[in-house]
Amino acid sequence: MSRKYFGTDGIRGHVGQFPITPEFILKLGWAAGMAFRKQGKCRILIGKDTRISGYLFESALESGLLAAGADVMLLGPMPTPAIAYLTRTFQAEAGIVISASHNPHHDNGFKFFSGLGTKLPDEIELMIEELLDQPMTVVESEQLGKVTRINDAAGRYIEFCKSSVPNHTSFAGIKVVLDCAHGATYKVAPSVFRELGAQVSVISAQPNGLNINDACGSTHVEALQAEVLAQQADLGIAFDGDGDRVLMVDHTGAVVDGDELLYIIARDLHERGKLQGGVVGTLMSNLGLELALGELGIPFVRAKVGDRYVMAELQGRGWQLGGENSGHLVCCQHTTTGDAIIAALQVLMALKRSDKTLAEARLALRKCPQVLINVRFSGDVDPVSHVAVQDACSHVTERMAGRGRVLLRKSGTEPLVRVMVEGDDEAQVRGYAEELAKVVAEVCA
């Protein structure tokens, strides 16, 4: 069913523009509180990243939840996967994250987790949407919710992350640079890696509310590349603003994307007989990942883009490992959602077991040239289904003659059409991508 407010990853938009306004978020809190009230009271956790509007929306969301009779537990700035984990451990009915993930500070959003630490079932999202269109009410005074603050949330999550690697694991001798994107990982990530023995340098860990994801983190790895080379580090790890995406940089300064990290983890699990089933990627996963896994005899399937679709495919198949080339990796043997810190730890463990550098470990995956161009659009037009765009896609596909593929999709979080072309000839692939992007831009004009 079509949704009015929820996208592929919660609700997101520009601060001050509907629906990311205090009035709407107050109502959203109330609707969520009403939806999760099964028998009288319910308990809901709220966490956030470091953007300045988090203060405003935390208060509005909290007020709406209290008006619905929900008790609220405040976690403060914490990575998104930490809220998923703590929602389970506190046996709360739900967890809510105030974050716009990798977007700039002027955006914000709301992600929801069920009591199991997973994304909400469709029926709950639809129930919240229905309640949003109803008049807001307030429970009787004796039924109003109360607020508590969880002061040891960071420590709990740090220990959880460390528990994802074997006891007595030590990364002593490994020199790591962490880029925390001035975001939600700025406190916990350095502690995790230091407590496991790594020599850690940290950049982009001084959030001021406005610098989250600003020329740093997993969407802008140039600063990390430079720091890894300057420090002569073994590798660098880049998180996004809310800590559910991770990319790496090897000792030569080369970027290692989500497909390559997924392959390194999968191969390690496979070699140890620990890989349950196969691997789930997305429509954007590089063809080289599929081929490399196939050489190892590891099944690979593609889900729609978005971590909720990767999770749904994993759950449906009873598999454990999946992810996106953007660095959103899910290790179900350890957690219920994409977790950048835990995924990074699994990569480091794989390198430690194989006694390989990150640069060496990635060599077995030979990525096919892939060009992605983002085209901005506005209004109600759907460029992807436009006849001219469809004809152009068909024409390019014919000319590639089975030696590549074309994918056009609208972003679930931004007004962008993502034009992706993949094949065996980089120059040809780039030319086709630019050709298609031009057609899309003309339709959007």
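Please bear in mind that the model is a predicted one.

S14, covering residues 321-323, pairs with S15 in the antiparallel sense, over 3 bridges. In general, strands of a sheet pair through backbone hydrogen bonds, in either a parallel or an antiparallel manner.

Which strands form the sheet, and in what order? There are 4 strands in an open sheet, and the order is S13-S12-S14-S15, with mixed pairing. At the edges are S13 (300-303) and S15 (329-331), each of which pairs on one side only. On average, neighbouring strands of this sheet are turned by 20 degrees against each other, with direction ignored.

A helix accompanies this sheet. Helix H9, residues 287-295, lies across S13 and strand S12 (279-282), and runs at about 155 degrees to S13.

I turn now to the nonpolar cores. The largest comprises 70 residues, and Phe193, Ile237, Phe239 and Ile341 are those with the most contacts inside it. Helix H11, residues 340-354, gives the most to this core, with 11 residues.

What does Ile237 touch, leaving aside its neighbours within four places in sequence? Its contacts include Val176, Val177, Leu178 and Asp179, together with Phe193 and Leu224. Val246, Leu247 and Met248 are also in contact with Ile237, as are Ala344 and Leu348.

Finally, another core lies apart from the largest one; this core has 35 residues, among them Phe6, Ile25, Ile98 and Leu120.

Key:
Residues are numbered from 1 along each chain as its sequence is written. This is a predicted model: local features need pLDDT of at least 70, side-chain atom pairs count only at pLDDT 80 or more; totals for chains, interfaces and linings use all residues. Side-chain values use heavy atoms; hydrogens and water are left out. Two strands pair if DSSP finds at least two bridges between them. Helices (H or I, at least four residues) and strands (E, at least two) are DSSP runs, numbered from the N terminus. Axes are lines fitted to C-alpha atoms, for helices over the stretch in contact, and angles run from 0 to 180 degrees between N-to-C directions. Contact means heavy atoms within 4.5 Å. A nonpolar core is a set of buried Ala, Val, Leu, Ile, Met, Phe, Trp, Tyr and Cys residues joined through side-chain atoms within 4.5 Å. Buried means under 20% relative accessible area, exposed over 50%, partly exposed in between (1.4 Å probe, protein chains only).
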